[in-house]
Amino acid sequence: VGDRQAQSRGLLGQAEAYLCYGQYDDAQNCVQQARATLSIQEKLDCEHIRLEGLSALVSFFHGDISSALDYASNALALIQQSPPIALYVMEGYASVLEVYLLLCQQQPELIQSHQRDIRLACKAMYQYANAFGIGQPRILRLEGCKAWLEGKHNRAMRLWGRSLSLAQQLAMPLEKGRSHYEIGIHLAVNTLQRQMHLEEAFRIFNALGAPQDLWSTPSCNRIE
């Protein structure tokens, strides 16, 4: 069991990295291998949460919305069975919320039908962030996306600002870049603030060697 658990953790860690680089085929391959490794394990809840959440996000980026929603539902059901107990499961929690937000960004008419799912996923991510501080910049950023979708633009900007500040305090450059990006892309075109935030986001992404990361950011209803 230990060897299979370690193997699945390694594969899912690789999948997370590939997602940041926009290498979705490689991410899918890792997720599929991890699923085969975990298929005979019944009690590794943390691994299964991480697997289902990442499977949802990978499926979404491959255009398989039906599978993405199935995996997200599976992850959400597992998440609700127990409180967050492991630091490394963050992407399992966050991916569920990201999938619902990305879907509603593309199809705003679905917001109402997925309102309960978004609320539960947001609550679960807050529980994770309360247990493990590194999740705080992420949930604030994602809740900002949720607020923007709901038409609460001032609230969204405040949440993204808080996310940016926390990412800076916690020395989390990727989250810092993502927060700069969210703020910038939602500001009016041809404003100095927009330019400054986007330039800083691109600088961070390039410094991390992950310029494609911005495409995996759930930027909701951008101002163009």
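Is the crossing of α9 and α10 left-handed or right-handed?

Modeller: The crossing of α9 and α10 is left-handed, meaning that the near helix is turned anticlockwise from the far one by less than a right angle. The model is predicted, so local features need pLDDT of at least 70 and side-chain atom pairs pLDDT 80 or more, whereas totals for chains, interfaces and linings use all residues. Residues are numbered from 1 along each chain as its sequence is written, and side-chain values use heavy atoms, without hydrogens and water.

Helix α9 covers residues 173-185 and helix α10 residues 192-207, and they pack at about 150 degrees with their axes 8 Å apart. That makes α9 roughly antiparallel to α10 (angles over 145 degrees count as such, and those under 35 as roughly parallel). Helices are DSSP runs of H or I with at least four residues, numbered from the N terminus; axes are fitted to C-alpha atoms over the stretch in contact, with angles of 0 to 180 degrees between N-to-C directions. On the α9 side the contact (heavy atoms within 4.5 Å) includes P173, L174, Y181, I183 and I185, which meet residues of α10, among them L198, F202, I204 and F205. The residues of this contact divide into 10 nonpolar, four polar and four charged (nonpolar being Ala, Val, Leu, Ile, Met, Phe, Trp, Tyr, Cys and Pro, charged Asp, Glu, Lys and Arg, and polar the others, Gly among them).

Another antiparallel pair is α6 (residues 115-131) with α7 (residues 136-149), packed at about 160 degrees with axes 9 Å apart, and α6 and α7 are therefore roughly antiparallel to each other. Their crossing is again left-handed, and I118, C122, M125, Y126 and A129 in α6 meet Q136, R138, I139, L140, E143 and K146 in α7. That contact divides into seven nonpolar, one polar and three charged residues.

The axes of α3 (residues 45-61) and α5 (residues 90-106), by contrast, come within 7 Å and cross at roughly 25 degrees. That makes α3 roughly parallel to α5. Here too the crossing is left-handed, and the α3 residues in the contact include I49, L54, L57, F60 and F61, while those of α5 include Y93, V96, V99, L102 and L103. The residues of the contact of α3 with α5 divide into 11 nonpolar, four polar and three charged.

How values were computed: Helices (H or I, at least four residues) and strands (E, at least two) are DSSP runs, numbered from the N terminus. Angles under 35 degrees count as roughly parallel, over 145 as roughly antiparallel, 65 to 115 as roughly perpendicular and the rest as oblique.
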